[in-house]
Amino acid sequence: MYELNNIIASLAFNGLQVKQLIKTSFLEILCISLENGAIFPEHTSPRDAELIVLEGEITFFINEQQFDLHKYQHFRFPKEVRHWVQATENSKFLIIR
């Protein structure tokens with residue numbers, strides 16, 4: 001089956017927005033939109049995860065370290081480790097787990 005949509009493009013920069021794009025028993029893809037200065041609060045991932053920045057710039061905090069991530073960068077992190085994210089400009093990113 002083919003499906004085309006504009007979910008990522010239409011996700012507004014209004015605080016924190018989370019949209020599940022795909023969920024199966026093996027894969028989940030989330031699109032996150034963060035307005036400049038907004039925070040994705042501290043949480044853990046149930047699986048090892050991949051983060052891909054589509055637009056903007058975010059700071060990713062994990063294990064008392066911070067990583068400044070920019071458009072088109074990829075970041076991998078392990079499951080069950082507490083982390084949080086803050087946007088330093090309007091940003092969108094994918095979480096693949």
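## Chatting through a predicted model

Q: Let's start with A87: is it buried or exposed?
A: In this predicted model, A87 is buried, since its relative accessible area is 3% and buried means under 20%.

Q: Nice. Which strand is A87 in?
A: A87 belongs to strand β8.

Q: And what is A87 in contact with, leaving aside neighbours within four places in sequence?
A: The contacts are L34, E35, N36, G37, A38, E57 and I58.

Q: How far apart are the C-alpha atoms of A87 and N36?
A: They are separated by 5.1 Å, although the two residues are 51 residues apart along the chain.

Q: OK, on to the sheet. What is the order of the strands in the open sheet of 4?
A: The order is β3-β8-β5-β6, and the pairing is antiparallel.

Q: Which strands stand at the edges?
A: Those are β3 (39–43) and β6 (65–70). Each has a single partner strand, so one side of each has no neighbour in the sheet.

Q: By how much are neighbouring strands turned against each other?
A: On average by 15 degrees, with direction ignored.

Q: How many bridges join β5 to β6?
A: There are 6, between antiparallel strands, with β5 covering residues 57–62. One example is I58, whose bridge partner in β6 is L69.

Q: Switching to aromatics: how many aromatic pairs turn up in the whole structure?
A: The search finds 5. Take F60 and F75: their ring centres are 4.8 Å apart and the planes are at 55 degrees, so this pair is tilted.

Q: Where do F60 and F75 lie?
A: F60 is in strand β5 and F75 in strand β7 (residues 74–77), so the pair ties together parts 15 residues apart in sequence. Both F60 and F75 are buried.

Q: Which residues form the aromatic cluster?
A: F60, F67, F75 and F77 form one cluster.

Q: What sits over the ring of F13?
A: That's the charged end of K92, 5.2 Å from the ring centre.

Q: Last topic, the largest nonpolar core. How many residues does it have, and which have the most contacts inside it?
A: It has 19 residues, and those with the most contacts inside it are L34, L51, F60, F77, F93 and I95.

Q: Which elements give two or more residues to this core?
A: They are β2 (28–34), β4 (49–55), β5, β7, β8 (83–87) and β9 (91–96).

Q: And what does I95 touch, not counting residues up to four places away in sequence?
A: I95 touches E28, I29, L30, I32, A49, E50, L51 and F77.

Notes. Residues numbered from 1 in each chain as written. Predicted model: local features only at pLDDT ≥ 70, side-chain atom pairs only at ≥ 80, totals over all residues. Heavy atoms only, no water. Pairing = 2+ DSSP bridges. Axes fitted to C-alpha atoms, helices over the stretch in contact; angles between N-to-C directions. Phe/Tyr/Trp six-rings, centres within 6.5 Å; stacked < 30°, edge-to-face > 60°. Buried < 20%, exposed > 50% of the residue type's maximum accessible area, 1.4 Å probe, protein only. Lys NZ or Arg CZ within 6 Å of the ring centre and 35° of its normal. Core = buried A, V, L, I, M, F, W, Y, C linked by side-chain atoms within 4.5 Å. Contact = heavy atoms within 4.5 Å.
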